[in-house]
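This report describes the fold of one chain and selected local features of another. Please consult the sequence and the structure shown here while reading.

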Amino acid sequence: MPSEPWEGPLPSSLKERFGDGLESAVRLGGQQLLTVALPAAREVLASLRDDHGFDYLVDVTAVHWPKRERPFDIVWILYSFEANERVRVKATAADGESAPSVTSLYKAADWLEREVFDMFGLRFEGHPDLRRILLPDEWDGHPLLKGYGILQQDSAWVRENLKIESAQ
Amino acid sequence: MPATTQEPAAAPADTFLDSNELVLNMGPQHPSTHGVLRVILKLDGETVLGTDCVIGYLHRGVEKIGENRTYQQFAPYVDRMDYVAAVSNGLGYCMAVEKLLDAEVPARAQCVRVILTELNRVASHLLWLGTHALDIGAITPVFLCFREREEVLKIFENYCGARLTTHAFRIGGLQYETYDTFEKECLAFCDLMGEKVREYHDLLTGNRIWVKRTKGVGILNADDCKTYGVTGPLLRAAGVAWDLRKAQPYCGYENYDFEVPTAESGDTFDRYIVRMQEMRQSCRIIRQAVDALPSGPIKGRVAKVIKPPKGEAYVSIEAPKGELGYYVVSDGSLKPYRVRVRPPSFVNLAALDRMCRGSLVADVVAIIGTIDIVLGEVDR
């Protein structure tokens with residue numbers, strides 16, 4: 001995909017404020033993408049919301065790259081109603097590392113972060129009520145991890161709660 | 001039983017074991033939850049102090065399935081999320097993969113896509129109107145709405161053989177050319193809807209019971225909508241004229257002349273009015289698209305084996321329920337490395353608690369209806 005550096009007032013003001021916290025700013029296939037260090041992520045999002053008008057958190061999600069040293073990408077997609085612009089913010093997380101929660105900035109983050117936790121096992125520091133959302137609370141495993149098989153299930157849970165041998 | 005996420009606002013701190021408080025379970029087997037949604041209500045008498053949604057009963061792991069299928073194989077699966085607006089789901093997915101491939105879609109295919117998506121928007125709103133009215137106690141609209149919706153489903157059936165989970169689009173364009181009477185039937189449907197929307201207005205808009213059950217119920221103002229990420233008719237009913245078809249046009253929507261209906265107060269009644277107007281606007285778009293339908297190929301130059309280069313893209317469209325986004329990551333192989341669906345129903349449902357607090361139990365039914373959720377999409 002064609003990628004070019006993203007230059008403009010927004011990336012330069014973030015660069016000034018966060019220094020190395022902002023790792024890169026590119027346009028990937030025409031879409032604005034910021035890569036940040038995980039500890040700075042919350043502050044970057046707060047600055048995007050308060051100083052740059054990105055008042056709508058579209059989505060929070062993650063991607064699992066098991067072979068990488070820091071195997072998780074966490075992705076926040078933001079939109080500004082005023083500027084009619086989108087920006088994607090991305091940070092990497094190591095195994096067992098928690099991401100900062102943005103629930104205090106955007107209420108939409110509540111369920112979205114719970115879903116990431118449910119699917120990837122990633123924890124969000126500062127989330128008021130981080131528990132599973134789509135799978136049962138007692139479920140073992142996080143299905144969107146690459147090591148989780150397509151037919152895999154928590155057999156003990158299925159046997160105990162559904163009284164059947166397999167949910168497949 | 002899980003407690004509510006936040007402390008209820010109105011509970012007096014010094015009351016010893018508040019005997020009026022009651023926890024009531026609603027669903028998952030409850031006709032007004034439109035599927036299998038379970039809501040735990042904390043009540044003080046008839047007043048709702050807080051709610052907690054329990055979802056996931058329909059979870060099928062759609063995103064996991066996406067990683068284990070090729071790009072084409074996954075396309076029919078997306079229809080099964082919001083199954084009353086399957087065409088919109090398919091459109092969003094195809095557009096996301098086309099973005100990764102940097103593929104051009106021919107003009108005729110774009111135009112047919114617009115027609116089918118708008119027909120589907122009307123069908124989705126009709127289903128919503130019928131069931132929402134039924135929840136509140138009006139029996140008649142559901143029969144009328146299903147009657148008109150049938151006309152849309154017939155067009156879909158004639159077009160691609162399926163009524164609900166249509167898989168109407170393919171990556172790069174369309175699979176099927178339109179049939180002989182396609183244009184005529186679309187126009188006939190638009191004529192019919194003009195008349196029928198008036199009939200629904202006659203039944204409901206001035207109806208005192210309808211007005212009392214919907215005005216001032218489940219208010220969500222513009223600021224709340226933004227912080228909760230609520231989009232679609234809910235946001236527009238709160239006075240924000242934001243529609244992705246206008247804000248970031250796709251499929252050639254910039255060529256059509258239509259309005260974005262809005263309302264002021266963001267209550268259940270306003271959302272009803274907005275959706276009613278949207279049906280008219282959709283018909284307006286369909287007419288223009290049918291008139292302008294160009295000739296030419298229906299599929300762009302896309303390889304038989306779809307193998308996008310490494311990269312990622314987020315593409316979103318205005319689905320009947322709000323912003324429907326697909327974030328697709330490609331590692332250069334035959335299967336998507338990651339497909340993330342940003343479902344409007346899921347995000348909008350998260351605002352249920354905000355809308356229900358302080359209202360009556362009976363209003364919860366109206367509020368669930370007015371959000372217009374499809375559990376297939378919430379749970380995926």
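## Overall architecture and local packing

Chain A of this predicted model contains 4 helices and 8 strands. Along the sequence, these elements follow the order β-α-β-β-α-β-β-β-β-α-β-α. The C-alpha atoms of chain A occupy a box of roughly 60 × 30 × 25 Å along the principal axes. Of the 168 residues in chain A, 38% are buried. Among contacts in chain A with a separation of 6 or more, 46% involve residues 24 or more positions apart.

| Strand pair | Sense | Bridges |
|---|---|---|
| β1(B), residues 21–26, with β2(B), residues 38–44 | antiparallel | 6 bridges |
| β2(B) with β3(B), residues 47–54 | antiparallel | 7 bridges |

On the β3(B) side, V39(B) has C53(B) as its bridge partner. The hairpin formed by β2(B) and β3(B) has 2 residues between the strands, and G45(B) adopts a positive phi near 65 degrees there. In a regular strand, side chains alternate between the two faces of the sheet.

The next feature is a pair of helices. Two packed helices are described by the angle between their axes and the distance between the axes. Helix α2(B), residues 71–78, packs against helix α3(B), residues 86–101, at an angle of about 155 degrees, and their axes are 8 Å apart. Because angles over 145 degrees count as roughly antiparallel, α2(B) and α3(B) are described as roughly antiparallel to each other. The crossing of α2(B) with α3(B) is right-handed. From α2(B), the residues Y71(B), A75(B) and V78(B) meet N89(B), G90(B), Y93(B), C94(B) and V97(B) of α3(B). This contact comprises 6 nonpolar and 2 polar residues, with no charged residues.

Is L134(B) buried or exposed, or does it fall in between? This residue belongs to helix α4(B), residues 107–136. L134(B) has 18 other C-beta atoms within 10 Å and is therefore partly exposed, since a buried residue needs 20 or more and an exposed one has 12 or fewer. Leaving aside residues up to four places away in sequence, L134(B) touches I139(B) and V142(B). Between L134(B) and K42(B) there are 92 residues of sequence separation and a C-alpha to C-alpha distance of 25 Å.

Note on methods
Residues numbered from 1 in each chain as written. Chains lettered and ligands numbered in written order. Predicted model: local features only at pLDDT ≥ 70, side-chain atom pairs only at ≥ 80, totals over all residues. Contact = placed C-beta atoms within 7 Å. Pairing = 2+ DSSP bridges. Axes fitted to C-alpha atoms, helices over the stretch in contact; angles between N-to-C directions. Parallel < 35°, antiparallel > 145°, perpendicular 65-115°, else oblique. Left-handed = near helix turned anticlockwise from the far one by under 90°. Nonpolar A, V, L, I, M, F, W, Y, C, P; charged D, E, K, R; others polar.
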